[in-house]
Amino acid sequence: MVRINDNYLKLRGSYLFSTIAKKVNTFVKENPDKEIIRLGIGDVTRPLTPSITDALHKTVDEMGKAETFRGYAPDLGYEFLRNAVSENDYKARGCDIAPDEIFISDGAKCDSGNIQEIFSVDNSIAVCDPVYPVYVDSNVMAGRGGEYNEITEGYSDIIYMPCVIENNFAPQLPAKVPDIIYLCFPNNPTGAVISKDELQKWVDYANENGSVIIFDAAYEAYIRTEGVPHSIYECKGARTCAIELHSFSKNAGFTGVRLGYTVIPKDLERGGVSLHRLWARRHSTKYNGAPYIVQRAGEAVYSKKGKKEIKGLVDYYMNNASYILDGLRGAGYTVSGGVDAPYIWLKTPEGMSSWEFFDHLLINANVVGTPGSGFGAHGEGYFRLTAFGSHENTKRAVDRIKAL
Ligand code: MLT
C-alpha cells in the first residue's frame, strides 16, 4: 500500500496567494459590477522591454533553423549568461564570484524551495517572522518543521526571528544557533533593508557557528540607499557561509518568462563536502535548464540598452511605491518599506486583524492587498501592498483607501 509523504499534512491551508486568489474570485463573482485593483501578489504589470523582446524574437528564429537550433542547455546554464551575471552582478560590485559558481534556473521561487534538499533533514532552520512562505513550507514538506502549534502559530522545530517595528523589521542573531538561516533583503514582505555592517554580523555569526545563510536577493534592483548591500558577497567571509538566490522577475519583468540563478561559491563546504558539488549533482539530475531563448533574453538584460530599460521599469514601480508611501502616511497610516523595495508594509488601523483589514479593503475600496498574518505570526496587524501595479491603478487604489 502506497504511503504518502505525510509532512504535507502538516502544511497550513493552501499557499497564501492561492487563498487570496480564491477569496477575490468569489467576491468578483458575487459583485460583477465592482472594479477590483490588485496590489496583492508581487507580480509585475509592465510589459517586457524592447531589448528583451528583440532577443526573444531573434532566438525563436534561431531555433527554427537547423544550423542554429539548440537542444538541451548545459547543466549550469549557458556560459554567455553566466559570464554576464558574474561581470555585472558581482565583479562590478567588487564581489569575487566566478561564472562556474552560478547556476541558471527558471526562477528564485523554485530554487528557494529546492535548495533545502542538499541539507540533512536533521538541520534546524531559522526564518524571519514575517517571512516569504516558501522557505517555511518547503522545509515542512521535507520534514524539518516539527508540529504546528495553533497558539504560537508556528512550527515547533523552526526558529522564528521576529521582525517588528521595534527592531526596524530586521532580525536579531538567534540565541539558539540554527544550521540554516534564511535571509531576504530587501525584504519580502516588509520592504525593510539592512546595512552592509549589519549583514556582515550575520556572515561572521554563520562562519563562527558553521551555519549556512540562504540569502534571497530577488529585490536587489530596488535598492537606492547608499550602503545597503546588493549581494551578501559584498561582506567579508560570505564565500564560506552563503548561498545567494536571484530572480529576473522583479527587475526585468520575467514572472511569466521564468529565469533566475543561484550562487554557490566553491569555498562553501560543510562536513568536508562542497555544497557546490551537491547542488550541481541535484541540478543535473533533476533539471534540464531554462530554455535557450529565455537565457538569451536574460543576457539582453545586461546589455547597455537593456540596463537602461530595466532601470526605467524599476523607477516606474518605485514611483508607485513613493505614491503609496506618501499617500497612506498623509492619511495617518503607519507605513514602512517602499524606499529600497517594491513592498509597502502598513499597520492595520483601529486594531483590525490583517484578514479583517483585507476584507474591509476588498469590500469597501475594492482593493486587494496581502494580509501580514499570512507571512507569519508577527505579521498579524500588518498588511502588504505592492508597487507592481500600473500608475493609474496605484493612484486610484491609494485615493480609494484614503477616502475610507
Ligand atoms: C509575493 O507576492 O510575495 C511574490 O509574488 C512571491 C514570489 O515572487 O513568488
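Buried means under 20% relative accessible area, exposed means over 50%, and partly exposed lies in between (1.4 Å probe, protein chains only). This is a predicted model: local features need pLDDT of at least 70, side-chain atom pairs count only at pLDDT 80 or more, and totals for chains, interfaces and linings use all residues. Residues are numbered from 1 along each chain as its sequence is written, and side-chain values use heavy atoms, with hydrogens and water left out. Helices (H or I, at least four residues) and strands (E, at least two) are DSSP runs, numbered from the N terminus.

**Helix α8**

- Helix α8 has 12 residues (275-286), which should span 16 Å at 1.5 Å a residue; the end C-alpha atoms are 16 Å apart, which agrees. The expected span is 1.5 Å times one less than the number of residues.
- Leu275, His276, Trp279, Arg282 and His283 are the buried residues of α8. They cover an arc of only 130 degrees around the axis, which puts them on the same side of α8. The arc is taken from the directions from the helix axis to the C-beta atoms.
- Arg277, Arg281 and Thr285 are exposed on the other side of α8.
- Ser274 caps the N-terminal end: a side-chain oxygen lies 3.2 Å from the backbone nitrogen of His276.

**Strand β17**

- Five of the five residues of β17 (382-386) are buried, so the strand is largely enclosed by the rest of the structure.
- Tyr382, Arg384 and Thr386 lie on one side, Phe383 and Leu385 on the other.
- Strand β14 (343-347) pairs with β17 in the antiparallel sense over five bridges. Strands pair if DSSP finds at least two bridges between them.
- Strand β16 (370-371) also runs antiparallel to β17, joined by two bridges.
- Arg384 is the bridge partner of Trp345 and stands opposite Thr370.

**Salt bridges**

- The count comes to 17 salt bridges. Each is a side-chain nitrogen of Lys or Arg within 4 Å of a carboxyl oxygen of Asp or Glu.
- Glu220 and Arg93 meet at 3.2 Å, N to O. Glu220 lies in the loop between β8 and β9 and Arg93 in the loop between α3 and β2, so the pair ties together parts 127 residues apart in sequence.
- Glu220 is buried at 7% relative accessible area, whereas Arg93 is partly exposed at 29%.
- Lys286 bridges to Glu117, with the closest N and O atoms 3.0 Å apart. Lys286 is in α8 and Glu117 in the loop between α4 and β3, 169 residues apart.
- Lys286 is exposed at 54% relative accessible area.

Note on methods: A polar contact is a pair of N or O atoms within 3.5 Å; within protein, one must be able to donate a hydrogen and the other to accept it, and residues adjacent in sequence count only if both atoms are side-chain atoms.
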